[in-house]
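Please open the model in your viewer and follow the stops below in order. Each stop names a selection and then describes what is found there.

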Amino acid sequence: MKRLRVAITGLTSCSGCQLALLNCEAELPQLLELVDFRFFPMACSPATLESDYDAALVEGCLSMPHEQELLLSLRKRSRYLVAVGTCAAWGGVAALKNDQDREQLRQQVYGTDSTAALETFSPLPLNAVVQVDATVTGCPPEKEELIGLLTGLLKGSLPTLISYPVCTECRMKETLCLLTERSALCLGPLTLGGCGALCPALGVPCEGCRGPVPEANLAEAMEIYLQKGYAQEAACERLRRFCPGWRA
Amino acid sequence: MRYMEISKLQRLLDLLRQQGELHSPVLGDDGVTRFELLPPGKLPDLAAIRTQLPPKKYLLHPQETILTYQADAGYRVPLATVPAMILFGLHPCDLAGISYLDRIFLGDEPDQLYLSRRAALTLIGVSCTPDEFCSCRLYPSPLEAWYDLFFQQSVDGIAVSIGSPRGAELMKILDDVMEERELLLPEDTRCFFGRKIPLPPESELDQGLPEWQVLAGHCIGCGACSVCCPTCSCFDVLEFGGLDGSSAERLRRWDNCLFRSHAEVAGGMSFQKDRAQRFRYRYRHKYRGFGQVKGVPGCTGCGRCRAFCPAGLDLRALAGKLEGDAS
């Protein structure tokens, strides 16, 4: 069988999504039979771009000109381009301060006397610059999602985005509802499922790390948070931690 | 009438355990009551009005493989031997929920996975006291609350009724803890099930009813109403290729008719574009039934959808308007 020719790289990110794939240790030998990781600088060297790929898997958001060049180059060379992880899909934590002045932020971090030229811009999700064919969200995505993505691509299919929130999986697991029973600021109703409601099952309210669910009913969720005693700004701030696009 | 003193409950449970895996409502440390394996020495939570998930979870798993393919073996339904299991503590609404699922999954073409699990189940019902979320009283149901044995709780003890040959066999084994007594017992909520009710109106539900928009406006789309419903059994079907490059499996996963993806078809088209339309669809299925359960309302009145909805949505007011209170 022809192996799937894949490029995997990370832009502005913690590399955790790529690591999540490398952590699939039990499956890696079989994956190698199916997938030819042609460009995967985090895992193997040398890493030089080749003429074309069946798919490019890109982690992280865009915040530097050279990342944009790399992304455009991968887009041109790849049949499919897949945004992997919350940063690539929504901007993620790097985009947390996108609503603030970048020069002020630079001074806060590097001092007023710093002359170091910072060639950065406000972090963007991949689809702000290129066409994204599929998205696997998560911080990081679940192992099954990453393997499913690759085995799916091998058959020429793209993953379908889950359209229900974390709450659905929480209920399927028969977990205590932290929002209704503990009045916790749980972002479950607004956040894409697929994680198996891992955090609420451990008693930790959903932090929204997978980004917004389609048709999120922000107005009603805010109403519920207000009833539980949370200020709108507190709820919004938490929502924006992983997806700066949230506005109440 | 066969009767059991409440002090003999522990002994009864031990006898039941000899007949199969014993599951019953158990109050968890987190305050959630779930149907789960009842360990020896632990008492079932018989005071609970409702478990978070209904017993359908034993018959249709939230997510399960329904078909596998392998190059050498072809297509296969992953049937496994299901050990005998006794569900103890089912309320009449949940028994009716199982009989509804039976109609769907054991009809013309029985679902083999469902059938194997259903055959392994012994159903023991227990009477209950409805709370403010229950609506069995408001909408008596044509669904039968089938059981093998039924335990009616009263201040004096428990009266036991036999509902099937399997129940009669089981009763012989439980004879040790039973005695004969003459008791005058009030009706329990079983009386709201298996009733001859007038067929729901054939008329189409008005698409322009403002209630659909109001419900849609408040719904946060969490899916709790269908996940926790004893009769909701829509599922999504997904297929995944295996790591060997040739095998594949097909899964089914509980779905909800209020989700965008539920009525979506190839090309991103949808039969129910907005949530208000989906509420009308959901209402129609729950209160009037269609397809193979046409004329059979799918609501057993268990109250879970209301009790577990974070937005406090309640279809009963609308049902009162459209169906009228049958009580």
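**A guided tour, beginning at a glycine**

Select A:Gly60 and the residues it touches: leaving aside residues up to four places away in sequence, these are A:Gly10, A:Leu11, A:Thr12, A:Ser13, A:Cys87 and A:Ala88. Please bear in mind throughout that this is a predicted model.

Is A:Gly60 buried or exposed? A residue is counted as buried when 20 or more other C-beta atoms lie within 10 Å of its own. A:Gly60 has 28 C-beta neighbours inside 10 Å and therefore counts as buried. Its place in the chain is the loop between strand S3 (53-59) and helix H3 (65-77) of chain A.

**Along helix H3 of chain A**

Next, select H3(A), which has 13 residues. At 1.5 Å a residue it should span 18 Å, and its end C-alpha atoms are 19 Å apart, which agrees.

Now colour A:Glu67, A:Leu71 and A:Leu74, the buried residues of H3(A). Why do they belong to the same side of H3(A)? They cover an arc of only 65° around the axis, and this puts them on the same side of the helix. An α-helix has 3.6 residues a turn, so residues three or four places apart point the same way.

To see what covers these buried residues, show strand S1 (4-10), S3 and strand S4 (78-84) of chain A, which are included in that cover. Then turn to the other side of H3(A), where A:Pro65, A:His66, A:Glu69 and A:Leu72 are exposed.

**Chain A as a whole**

The C-alpha trace spans about 55 × 55 × 30 Å along its principal axes. A compact globule of 248 residues would have a radius of gyration near 18 Å; chain A has 19 Å, which agrees. Of the 248 residues, 46% count as buried. Among the contacts in chain A with a separation of 6 or more, 75% are between residues 24 or more positions apart.

**Where the chains meet**

Finally, show chain B beside chain A. The contact takes 30 residues from chain B and 32 residues from chain A. On the side of chain B that touches chain A, helix H7 (224-227) and strand S11 (235-241) of chain B are the elements that give two or more residues. The residues of that side divide into 15 nonpolar, 10 polar and five charged.

Conventions
Residues numbered from 1 in each chain as written. Chains lettered and ligands numbered in written order. Predicted model: local features only at pLDDT ≥ 70, side-chain atom pairs only at ≥ 80, totals over all residues. Contact = placed C-beta atoms within 7 Å. Helix = DSSP H or I, 4+ residues; strand = E, 2+ residues; numbered from the N terminus. Nonpolar A, V, L, I, M, F, W, Y, C, P; charged D, E, K, R; others polar. Rg over C-alpha atoms; globule rule 2.2 N^0.38 Å. Buried ≥ 20, exposed ≤ 12 C-beta atoms within 10 Å, placed from the backbone. Expected span 1.5 Å × (residues − 1). Arc of directions from axis to C-beta.
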